[in-house]
Amino acid sequence: MSQKFEIVVLVIVCIIAPQEASPAKPMRGWQRLPPIERASAQGSGFNHTSVVNVFDFGAVGDGNADDTGAFQAALDAMGTQPSGGIVFAPRGLFKFLGCLNVPQGVTLEGTYRAVPSHAVGENPSDAPSDGTVLQPYAGRGNESDTPFITLQEDATLRGVVIYYPQQVGNAVPTPYPWSIDMVADNAAVLDVETLNPWNAIRAVAAARHYIARVQGQPINTGIFIDQTYDIGRVENVHWNPWFSQNKAFMSWQLLNGRAFVIGRSDWEYFVNTFAFGYAIGYHFVHTGTGNCNGNFLGIGADMAVNASVQVDAADPWAILITNGEFTSFCDPQFGNSTADHTQVVVSASNAGSVRFVNSAFWGPSNQIATISGSGTVGFSDCTFSAWDAVNQGRYAIQADGTGSVIVSGNEFQMDGNQVQLKGTVPKAVIV
């Protein structure tokens, strides 16, 4: 019996001792939590800590003090470690009058393990206050200024909310620099709410970028991708007007905003992405380095006023869109628009291939697709619910380019004109 009693006592001591060694301490109105990890290791003649806490570098997190210096000091400390590490920001309102650079191999991480969403509206008291909230102030009025957060090679931003306290929600919005700038290979943005940025995420010359589980209401541009020479991935991104549905604010966004803009990317993969209330949902553009080819699965755009998908340029080996869901119209509740609401616009500049498979197009649009250019455009096994909202006898699909058109196995659910091929179209397959 004595032997069993000794074993029980040993277990109790092991459980209680760590709790007594690390009591919680208050920090300017915020409860101080112990670091999530303090793993020290020895090897190759150096000591390092794999996780540091921004409070230990002087961060305050009360929404008043400037925490830029404290955060950057913590990031730089991890950047000097041969194997990088994690800079942990506990819950708090962190104010930034400057910008942050996340060094190679370093993760800036907040409290969220799943991406949150906050409905603010026009009441500033509804601004996010739970979890790790980063509040940028720098660059107001100048979108060309230094981005708020720059991610270097193998760097990650994770588990935070980015909220601009000085962005107006009841008038024409104010420009700011990019919120997140991915500038090198393998950079990642995970479980982040970019609640009200002017421009949310830019990934240029960032091969194998990974953007996943991101939400918010970018105003001007949601995601911009270019110079990707090795496969990039974007997954589970949701843009929705949680910050403001004010008519003056939304009218600007509906006239100018673009949810996703893709330039040169070799084998870009999009999965389960969505945007509500933009001029253009998905915009494929030509840049100085080329065009896009890629696989876009389960993507959606609702109330894309000008176009759900606009293709100005595509590679010959195709933009492949499967299981998409699209609407193109303007609800007067959100703003006024004189745009010609069209689901798919293929511009005269396009010389590549664009394929839609098993996708649905509905809502009071004027046309399903207008096709120009010299490339090939195909619709297979798609559903076309409605078009000709202006009652002008519009065709669902109108082609006037010099490329090929394939319309195969689709369902036209409305009585009306379906496909018009003008004399310039050399080849067409309609089944």
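This is a predicted model: local features need pLDDT of at least 70, side-chain atom pairs count only at pLDDT 80 or more; totals for chains, interfaces and linings use all residues.
Reader: Is Tyr 176 buried or exposed?
Author: Tyr 176 is buried, with a relative accessible area of 0%. Buried means under 20% relative accessible area, exposed over 50%, and partly exposed in between, with a 1.4 Å probe and protein chains only.

Reader: Where is Tyr 176 found?
Author: Tyr 176 is in the loop between strand 14 (161-162) and strand 15 (178-182). Strands (E, at least two residues) and helices (H or I, at least four) are DSSP runs, numbered from the N terminus.

Reader: Which residues is it in contact with, leaving aside neighbours within four places in sequence?
Author: Among them are Tyr 137, Ala 138, Tyr 164 and Trp 198; contact means heavy atoms within 4.5 Å. Tyr 137 is 39 residues from Tyr 176 in sequence and 8.9 Å away in space, C-alpha to C-alpha.

Reader: And which side chain makes a polar contact with the side chain of Tyr 176?
Author: That of Arg 140, at 3.3 Å. A polar contact is a pair of N or O atoms within 3.5 Å; within protein, one must be able to donate a hydrogen and the other to accept it, and residues adjacent in sequence count only if both atoms are side-chain atoms.

Reader: Switching to helix 3. Which residues are buried there?
Author: In helix 3 (residues 247-256), Phe 249, Met 250, Gln 253 and Leu 254 are buried. Seen down the helix axis, they fall within an arc of 125 degrees, so they line one face of helix 3. The arc is that of the directions from the helix axis to the C-beta atoms.

Reader: What covers them?
Author: The cover includes strand 22 (265-284) and strand 24 (300-311).

Reader: What caps the N-terminal end of helix 3?
Author: Asn 246 does, with a side-chain oxygen 3.0 Å from the backbone nitrogen of Ala 248.

Reader: Last topic, the cavity lining. Which residues line the largest cavity?
Author: The lining includes Cys 99, Ala 138, Phe 148, Tyr 164 and Trp 178. On a 1 Å grid over the protein atoms alone, a cavity is a set of points where a 1.4 Å probe fits but cannot get out, and lining residues have an atom within 4 Å of a point.

Conventions:
Residues are numbered from 1 along each chain as its sequence is written. Side-chain values use heavy atoms; hydrogens and water are left out. On a 1 Å grid over the protein atoms alone, a cavity is a set of points where a 1.4 Å probe fits but cannot get out, and a pocket is an open set with protein on both sides within 12 Å along at least five of seven lines; lining residues have an atom within 4 Å of a point.
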